[in-house]
Amino acid sequence: MTDASILRQIPAVPLRGGAVFPGITTTISIGRRRSLAAAQAAVESNGQLLILVQYDAEVELPGDDDLVPVGVLATVRDILRAPHVGVQMLVELHRRVDFKGLGATEPYLIGRYVGLEEQPGSVSETASVSETTVGEAVMIQTIAYLEQYADTLGESNQQVMATTRSKQTPGALADYVAGLLNLPFDLELELLTTINGVERLKLVLEYLKNELKIAKVRQKIQTDARESAEKAQRDYMLREQMKAIRNELGEGANDLIEELRQKIEAAAMPEEVHERAVSELKRLEYQGQQSAEASVIRTYLEWLVELPWNQMTEDNLDVVHVRQVLDEDHYGLDDVKDRIVEYVAVRKLAGTKMRGAIINLNGPPGVGKTSIATSVARAIGREMIRISLGGVRDEAEIRGHRRTYIGAIPGRIIRALRDAKTRNPVIVLDEIDKVGSDWRGDPSSALLEVLDPEQNHSFADHYLEVPFDLSQVIFITTSNQLSTIPAPLFDRMESINMLGYIEDEKLAIAEQYLLKKQLAGHGIEDVDVTLGEAALRKIIRHHTREAGVRQLERHIGKVVRKLAVKVAAGETGPFEVTEADVAEFLGPDKFMYGVAEEKDEVGVVTGLAVSGFGGNTLPIEVSLSEGNGRITLTGSLGDVMRESAQAALTYARANARSLGLTPTLFDKVNIHIHVPDGATPKDGPSAGIGLATAVISAFTRRPVRRDVAMTGEVTLRGKVLAIGGLKAKTIAAHRAGIKTVILPKENAKDIPELPERIREDLNLVTANHLDEALAIALLEPVGPPFSVESNGDDTGKPPILPPMKKNGGGERPLRAETREPGLQPRLEIRKDA
């Protein structure tokens with residue numbers, strides 16, 4: 001019976017995270033209880049121990065599937081205990097065996113195995129001539145590569161190499177060399193389970209080749225670094241010697257130092273800055289051009305000499321010329337133009353003692369905020385630099401990075417002045433309301449110094465670390481809404497609202513500016529093109545709905561492109577675009593123009609709202625249905641607007657009898673208030689008068705005039721309180737074709753500030769109490785007041801809505817918890833399951 005057919009079992013120790021190979025004597029650390037018991041049992045018997053290897057080092061008690069099917073038969077020579085190392089066993093590793101599974105696990109692991117026969121491939125008498133030749137060749141190559149690898153690492157050992165040359169078979173040599181190298185675990189497992197000796201040695205040889213390449217590259221990098229350091233040291237010594245020789249000859253500093261010194265003298269810096277520049281130049285001269293800090297100092301000095309410390313452009317202080325340029329570039333915008341003309345007039349009288357202006361232009365997109373700033377620079381004769389602040393979150397964008405950081409540069413303000421080459425440009429800080437903040441700092445806090453006339457004469461950038469005078473700069477900031485601008489920052493600016501254009505202004509802008517711009521932009525400015533007034537009004541009314549003219553310009557460009565196609569095809573014109581042609585060029589109408597509603601309806605009111613995109617009409621709908629007093633509010637309403645709806649309902653309850661209603665009716669009716677469109681969030685108290693009117697109209701069956709819009713906050717006593725954004729709201733009403741606007745009496749003082757066309761076309765009615773608004777807005781009833789008993793008998797009554805079901809959508813039904821007649825229900829938001 002051969003050794004390969006005899007099944008034996010002896011104590012076993014599984015290794016974690018590495019493998020061992022036959023032919024060497026080594027120490028193995030023991031940490032687990034069963035492993036220590038197995039080693040002790042082996043010592044007490046004949047010393048034989050089966051060394052196994054785990055696939056996963058995290059497994060505490062391995063099973064058959066967790067162990068490599070090839071083990072190593074070993075003899076335990078001794079068990080060593082050291083205070084800092086733990087328990088180790090000294091083992092002599094003999095040969096590979098075929099692991100057949102565990103026989104027991106307590107008190108230690110018992111491993112079963114059978115012997116393994118060495119496969120052909122060894123250099124022996126039984127091997128063929130070809131196998132012997134291949135094996136010898138691989139052995140010679142392996143020994144040669146091992147010697148090169150050891151020499152490259154500087155770890156050559158004569159005793160190790162002698163032992164290596166003494167190995168007689170490829171398998172023995174592969175196992176010995178594998179024990180010397182720090183192999184990856186996957187390769188160790190492959191070597192352990194490969195029975196053919198030549199194949200094992202080929203794997204070791206391939207690994208040695210790759211490691212030798214890496215070692216040579218590493219050696220080359222170290223050699224280059226050492227030679228570079230030696231060269232730098234040699235260059236430094238030579239440089240010092242050259243400096244000494246130059247000093248002896250009376251020659252000056254090198255050309256770069258002299259060039260920087262001349263630039264410093266020519267820059268006309270303030271005394272403090274000049275001293276700092278000279279000090280840094282001396283540091284550069286002392287340290288030499290090749291030192292680590294030389295490039296940092298040189299870059300710093302270059303920034304200092306390139307800044308316009310004393311360069312200023314001469315302002316054109318002709319007031320008539322300035323106004324003429326502003327009128328040429330923009331239609332309307334008289335508030336902005338007047339402010340710039342005032343600045344020029346005062347500057348003409350006060351001279352350079354006057355500081356630069358800090359103006360904020362606030363308004364919806366497309367009204368010309370950024371372009372008017374460009375016109376201001378052209379009118380005065382100054383350079384203009386635009387800095388976009390949208391999405392800026394790093395304070396260093398404004399103040400710069402300190403020079404301790406690699407790649408540090410000044411902030412955007414200083415960079416803008418360098419590019420303008422003058423210290424009195426017009427700097428446009430675009431989208432200042434969209435500045436963010438995070439862990440890198442708050443840019444809006446850094447802007448406090450920039451935009452403060454009392455501080456910006458000595459603005460300190462973190463990179464420069466010297467003051468720069470910004471007092472002669474005209475800062476023009478733009479924003480879409482003021483609510484997101486921090487109060488301390490807004491307090492430093494003079495804000496001018498640009499709330500949008502009425503139809504006549506858009507018409508004039510299109511005729512005088514937009515059409516000419518689009519014709520030139522599409523290369524047909526020489527072609528006779530006429531865009532009639534009727535066609536322009538159709539585009540404005542039925543294809544755009546905006547406060548500015550951006551969409552209008554886009555649609556005019558679309559029309560011009562259609563004409564450009566005709567010109568490119570050979571037509572010469574002239575071309576006249578009529579109202580009938582608009583549909584052909586732009587497609588069907590996208591918006592309805594005229595009154596907000598098609599007819600006078602019960603429970604439907606046209607409110608007015610304003611946002612960062614200008615004013616707009618706000619339809620409010622109220623529907624009643626038989627129920628238990630539940631109130632539903634939909635349309636993405638905010639908390640303030642929900643409270644306004646509750647106040648409107650409370651007023652209707654409190655005045656039920658004067659309105660011809662039964663007080664108990666409110667406990668028998670479900671009320672649904674909806675404000676389209678539902679996807680747009682809405683909030684604010686100014687819809688209170690509209691909500692109250694819609695509720696009262698629904699209960700009293702009195703239709704609301706479709707040509708009336710209203711805005712105002714309503715109290716529980718029915719008083720109408722003042723609101724903001726009147727100009728934007730009235731422009732929106734005019735755009736929608738509204739004829740009468742009801743507004744709070746406290747806002748009567750704002751009426752003279754409205755555009756003249758608005759005051760002429762709209763009937764602006766002020767109201768101090770809700771009753772006054774109801775008298776104007778409500779018509780005669782179309783039937784008796786709403787009641788549960790008669791619900792559905794009259795086709796003119798408002799539709800009955802079924803109770804809302806629970807859902808996870810946008811509705812947030814409000815359930816009335818109190819049921820006693822005559823009492824105001826307490827409203828609570830019902831949370832959906």
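This is a predicted model: local features need pLDDT of at least 70, side-chain atom pairs count only at pLDDT 80 or more; totals for chains, interfaces and linings use all residues.

Reader: How are helix 3 and helix 4 oriented to each other?

Author: Helices (H or I, at least four residues) and strands (E, at least two) are DSSP runs numbered from the N terminus. The axes, which are lines fitted to C-alpha atoms, for helices over the stretch in contact, come within 9 Å for helix 3 (residues 158-166) and helix 4 (residues 170-180) and cross at roughly 155°. Angles run from 0 to 180 degrees between N-to-C directions; under 35 degrees counts as roughly parallel, over 145 as roughly antiparallel, 65 to 115 as roughly perpendicular and the rest as oblique. Helix 3 and helix 4 are therefore roughly antiparallel.

Reader: Which residues of helix 4 meet helix 3?

Author: Contact here means heavy atoms within 4.5 Å. On the helix 3 side are Val160, Thr163 and Thr164, and their partners in helix 4 are Leu173, Tyr176, Val177 and Leu180.

Reader: What is the handedness of the crossing of helix 22 and helix 25?

Author: The axes of helix 22 (residues 688-700) and helix 25 (residues 770-777) come within 11 Å and cross at roughly 60°, so the two helices are oblique to each other. A crossing is left-handed if the near helix is turned anticlockwise from the far one by less than a right angle, and right-handed if clockwise. For helix 22 and helix 25, the crossing is right-handed.

Reader: How many nonpolar residues does the contact of helix 22 with helix 25 have?

Author: Ile689, Ala692, Thr693 and Ile696 in helix 22 meet Leu770, Ala773, Leu774 and Ala777 in helix 25. Ala, Val, Leu, Ile, Met, Phe, Trp, Tyr, Cys and Pro count as nonpolar, Asp, Glu, Lys and Arg as charged, and the others, Gly among them, as polar. By class, this contact has no charged residues, one polar and seven nonpolar.

Reader: Which helix gives the largest share of the lining of the largest cavity?

Author: On a 1 Å grid over the protein atoms alone, a cavity is a set of points where a 1.4 Å probe fits but cannot get out, and a pocket is an open set with protein on both sides within 12 Å along at least five of seven lines; lining residues have an atom within 4 Å of a point. The largest cavity holds about 70 Å³, where grid points are joined across faces, edges and corners and a volume is the space filled by probe spheres set on the points. Of its 10 lining residues, Ile502, Glu503, Lys506, Ile540 and Arg735 lie nearest the centre. Three lining residues, the largest share, come from helix 23.

Reader: Which helix gives the most to the lining of the second largest pocket?

Author: This pocket has a volume of about 920 Å³. Among its 36 lining residues, Asp335, Asn497, Met498, Leu499 and Lys727 are the closest to its centre. By class, the lining has 16 nonpolar, 14 polar and six charged residues. With four residues, the most comes from helix 23.

Reader: Which residue does a cis peptide bond join to Glu106?

Author: Most residues other than glycine have a negative phi, and most peptide bonds are trans. Here, omega is about 0°, and the loop concerned runs between strand 5 (86-104) and strand 6 (110-115). The residue joined to Glu106 is Pro107.

Reader: What is the phi of Ala268?

Author: Ala268 lies in the loop between helix 7 (255-266) and helix 8 (271-287). Phi is positive in this residue other than glycine, near 55°.

Key: Residues are numbered from 1 along each chain as its sequence is written. Side-chain values use heavy atoms; hydrogens and water are left out.
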